[in-house]
Amino acid sequence: MGRGFCRRHGADQGCTCSMGNMSRFIEPAILLSLKKEGPKHGYDLSIELNKWQVTDTLIDKAAVYRLLRSLEEDGMVASEWEISDSGPARHVYRITQSGEGLLKKWALVLSNLGGSLIEMSKQIDQL
């Protein structure tokens with residue numbers, strides 16, 4: 001499976017790494033996590049989001065931080081510095097009211113996409 005050689009899995013094992021990381025799905029996953037579980041550090045989010053990956057490719061931590069920065073600029077999330085005695089200060093992110101509205105829009109998009117993907121999968125299986 002996949003479209004080319006995979007350095008992670010090797011040439012003999014099928015994988016979907018080469019099919020890419022569908023980064024747009026990181027956005028609703030971040031918003032959902034923050035809504036359901038409350039404020040989080042970017043690193044914790046980047047680890048947790050791998051449960052939502054749609055290919056064998058792990059979600060890039062740098063992409064998570066870039067998206068968090070963008071979401072904050074757009075007012076969808078807010079962050080505060082958390083200062084710890086045992087390490088450097090870190091950002092803690094939380095979803096805003098605007099972010100909750102965006103998450104609801106994502107729910108509609110994902111629902112429509114889910115139905116389309118199921119139909120496409122059925123048609124491919126029938127070939």
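Leaving aside its neighbours within four places in sequence, which residues is Leu 67 in contact with?

Reply: Leaving aside its neighbours within four places in sequence, Leu 67 is in contact with Ile 26, Glu 27 and Ile 30. The model is a predicted one, and what follows should be read with that in mind. Leu 67 is found in helix H3, and because its relative accessible area is 16%, under the 20% cut-off, it counts as buried. Glu 27, one of the residues it touches, is 40 residues away from Leu 67 in sequence, yet the two C-alpha atoms are 7.2 Å apart in space.

These contacts belong to the packing of two helices, H1 (residues 26-37) and H3 (residues 61-73), whose axes are 11 Å apart and meet at an angle of about 70°. Because angles from 65 to 115 degrees count as roughly perpendicular, H1 is roughly perpendicular to H3. On the H1 side the contact is made by Ile 26, Glu 27, Ile 30 and Leu 31, and on the H3 side by Ala 63, Val 64, Leu 67, Leu 68 and Leu 71. Sorted by class, this contact has eight nonpolar residues, one charged residue and no polar ones.

The buried residues of H1 are Ile 26, Glu 27, Pro 28, Ala 29, Ile 30, Leu 31, Ser 33 and Leu 34. They pack against H3, but also against strand S1 (40-41), helix H2 (42-48), strand S2 (77-84), strand S3 (87-95) and helix H4 (97-125). Just after H1, Gly 38 takes a positive phi of about 85°.

Strand S1 holds Lys 40 and His 41. Lys 40 has a relative accessible area of 14% and is therefore buried, and its side chain makes polar contacts with the side chains of Glu 37, at 2.7 Å, and Glu 48, at 2.5 Å. Not counting residues up to four places away in sequence, Lys 40 touches Ser 33, Leu 34, Leu 45, Glu 48, His 91, Val 92 and Tyr 93; Ser 33 and Leu 34 are among the buried residues of H1. His 41, at 10% relative accessibility, likewise counts as buried, and its side chain makes a polar contact of 2.8 Å with the side chain of Arg 90. Beyond its neighbours within four places in sequence, His 41 is in contact with Glu 82, Arg 90, His 91, Val 92 and Tyr 93.

Helix H4 is another of the elements against which the buried residues of H1 pack. In H4, Gly 99, Leu 103 and Trp 106 are buried, and what covers them includes H1 and S3. The 29 residues of H4 should span 42 Å at 1.5 Å a residue, and its end C-alpha atoms are 42 Å apart, which agrees.

Of its 127 residues, 31% count as buried. Among contacts between residues at least 6 apart in sequence, 48% join residues at least 24 apart, and the pairing of Leu 67 with Glu 27, 40 residues apart, is one example.

Notes
Residues are numbered from 1 along each chain as its sequence is written. This is a predicted model: local features need pLDDT of at least 70, side-chain atom pairs count only at pLDDT 80 or more; totals for chains, interfaces and linings use all residues. Side-chain values use heavy atoms; hydrogens and water are left out. Axes are lines fitted to C-alpha atoms, for helices over the stretch in contact, and angles run from 0 to 180 degrees between N-to-C directions. Helices (H or I, at least four residues) and strands (E, at least two) are DSSP runs, numbered from the N terminus. Angles under 35 degrees count as roughly parallel, over 145 as roughly antiparallel, 65 to 115 as roughly perpendicular and the rest as oblique. Contact means heavy atoms within 4.5 Å. Ala, Val, Leu, Ile, Met, Phe, Trp, Tyr, Cys and Pro count as nonpolar, Asp, Glu, Lys and Arg as charged, and the others, Gly among them, as polar. Buried means under 20% relative accessible area, exposed over 50%, partly exposed in between (1.4 Å probe, protein chains only). A polar contact is a pair of N or O atoms within 3.5 Å; within protein, one must be able to donate a hydrogen and the other to accept it, and residues adjacent in sequence count only if both atoms are side-chain atoms. The expected span of a helix is 1.5 Å times one less than its number of residues.
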